[in-house]
Amino acid sequence: VIPASEPRESVKKQRIDAQKHETPASAAGKSRSNINKQTSKTDNGNNMCQDRVIKLLIFGFIAGFLLQECHASPHPASSSSLSKERRGGTTAEDEDYEYDDEDEPSKEMGTNDVNGGGGGVDQNTMLLTRNHTVETEINDTVTLPCRVNNPQNNTIVMWFKTTTLLYVRDNKHSKDPRLSLGSDFSLTIQNVHVEDDSIYKCIVYPVNKSAYITLKVRGPPYNVMITHGNKDHTNGHLEIQQHDRKFIIHCRASGFPTPLISWSFRGKHLDEAHAKQTGISVRKEFLEIHDVKSHHAGDYECLAQNGIGEPVSAVVNVEIKSPPSIAKHIDYLNTAIGETAELVCLYHSNPTALKIQWFRGDEPLHETSKFSINRDRHNHHLRTRLTIKDIEQKDLVSYVCRITNNLGEATAKTTLGLLPGAAHLANFSYSDGLLHTIWRVRSVQPLSDLQILYKGENTKYTTIDATISEQNREENSDFWNIKRSIRLPEGEWFITARAKNTEGWAYTETVPLQFQIPGEVSLENRAPGGSSTASIRQLSSYCGSLASLVVLFAVLRRMH
């Protein structure tokens, strides 16, 4: 201990002298002492940090427990659970609903009426009804709920059918006597109609909550509608331009259960085979045509059915507008000098043809004593006919019919001559290895010969002649019917024919017709249940092989 009275300089001098006289061993021991002191200080610091962490954890646990206890205690601003406790517990009706934040009143709204008359929004006023669907039958009475919890004097309930206002509080805005409003804000509909099938909306103000009730009325289909684009063409007329190439019509119908849709074209059901044949694609309520042609014009019927009552249908008449088209004409017409000839063109034209003309070469023809032009309808086609009287040699040329409308034109050519017309196969049959044919030829002049040409798949044409007499000519007609049978083996064959009259051979033959001649008919086909020829042949072959084996076996025994 240094006395306080000693000067500070003398104390400092003594410390320096002590360090000078200090031995190395004492210095090392002193250093170890200092290190131990520093380690002790570090351990004390670590222990203090651990104590602080433990204290913070204990404090956090206690604080969390206290906060949980505070939240568990009841308070005046509690939600519907408190009101249920005041009513003495929940009811079975309340248990049917799940509650979420959607039905909680806004916390920004006041809980008290500043005027003392219920002008504020009570936190307990809630719309309990959820969005749902109600099913009913025609002529039944149905009630649509709108359950409001704790309504106040300022609570307003409104009912809508889609966008049509029905009720505001107890003020009725609908003239329908079947509607009535209950004391619990429910909407009742008596003597239900199919038209009542709709979406109804219940809105509660000022909490501004709403519920949607979808009413489904079981009944037959109704409101069947056919549309093209956004336009309704139900039981109406639809014009399509052929150059549009594609068009789609859609059929829809109301009803519950949902109606099934089917289509018909010109009175025939469009099943898969018929639709493919006509080039029409049917996909449930949609009907599509991807390559519009004039034959697609006609009535399209949409049929809706759901198993209740009778099916309901709607029709649209589709009109295809296009350039004219020639449906049928004759390339070559046989005639004779001094005779009268009639040339015919069958055609389609929508819009209506503006011009129907006939030409001889490049010369336009008009009504004269020699030429007459008529227009009429034949079956489903429009027809124009050119009549030429007192045929002369100069009249034996080509004639052209030309049909023109405001979308285009169509032409067809017919040549007038003295040679026979083409030979057409009118009928045929096959029996006993023979192909029986009947050929029909037009010729004003007597026919003298008919050649039938036939060939196999990889052979040249073979020609045979048919016998012709005046008996082959139809009575009071310019047509001849010639019969000829040909023996042909099994295989694929091509057959054509040409005729000759007093003026010469026809210019061309008909397009070769293809035939598949069947093989030998078996006994099985002739008499069902019996043995076939093939079976008999197999049995004979088997017996013959067996006999050969027996003979061979006998020869071998003798050799041994």
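The model is predicted: local features need pLDDT of at least 70, side-chain atom pairs count only at pLDDT 80 or more, and totals for chains, interfaces and linings use all residues. Residues are numbered from 1 along each chain as its sequence is written, and side-chain values use heavy atoms, with hydrogens and water left out. The protein has 6 helices and 36 strands; these are DSSP runs numbered from the N terminus, with helices being H or I of at least four residues and strands E of at least two.

**Overall make-up**

- Of the 560 residues of the protein, 33% count as buried; buried means under 20% relative accessible area, exposed over 50%, and partly exposed in between, with a 1.4 Å probe and protein chains only.
- Among contacts between residues at least 6 apart in sequence, 60% join residues at least 24 apart, a contact being heavy atoms within 4.5 Å.
- The accessible surface comes to about 35,700 Å², and 51% of this belongs to carbon and sulfur atoms; the areas come from the Shrake-Rupley method with a 1.4 Å probe, and for residues only the protein chains shown count as cover.

- An open sheet of 5 strands has the order 21-28-27-23-24, with mixed pairing; two strands pair if DSSP finds at least two bridges between them.
- Its edge strands, strand 21 (332–334) and strand 24 (363–364), each pair on one side only.
- Strand 21 pairs with strand 28 (residues 408–417) in the parallel sense over 3 bridges, and Leu333 stands opposite Leu416 in strand 28.
- Strand 22 runs antiparallel to strand 20, joined by 5 bridges, with Ser325 opposite His348 in strand 22.
- Strand 22 also runs antiparallel to strand 26 (residues 381–388), joined by 7 bridges, and Leu343 stands opposite Leu386 in strand 26.

**The largest pocket**

- The largest pocket holds about 820 Å³ of space. On a 1 Å grid over the protein atoms alone, a pocket is an open set of points where a 1.4 Å probe fits, with protein on both sides within 12 Å along at least five of seven lines, and lining residues have an atom within 4 Å of a point.
- Its lining comprises 27 residues, of which His329, Ile330, Asp331, Tyr332 and His424 lie nearest the centre.
- Strand 20 (312–329), strand 21, strand 22 (341–350) and strand 30 (434–442) each supply at least two lining residues, and strand 22 gives the largest share, 4 residues.

**Buried serines**

- Ser198, in strand 10 (residues 198–205), is buried at a relative accessible area of 12%. Not counting residues up to four places away in sequence, Ser198 touches Lys161, Thr162, Ile213, Thr214 and Leu215.
- Ser372 lies in strand 25 (residues 371–378) and counts as buried at 17% relative accessibility. Apart from neighbours within four places in sequence, Ser372 is in contact with Glu367, Arg385, Leu386 and Thr387.

**Backbone features in loops**

- A cis peptide bond with omega about 0° joins Phe256 and Pro257; Pro257 lies in the loop between strand 14 (247–256) and strand 15 (260–265).
- The bond from Asn350 to Pro351 is also cis, with omega near 15°, and Pro351 lies in the loop between strand 22 and strand 23 (355–360).
- Arg266, a residue other than glycine, has a positive phi near 55° and is exposed, with a relative accessible area of 53%.
- Asn476 has a positive phi near 55° and is exposed, with a relative accessible area of 78%.

Technical notes
Grid points are joined across faces, edges and corners, and a volume is the space filled by probe spheres set on the points.
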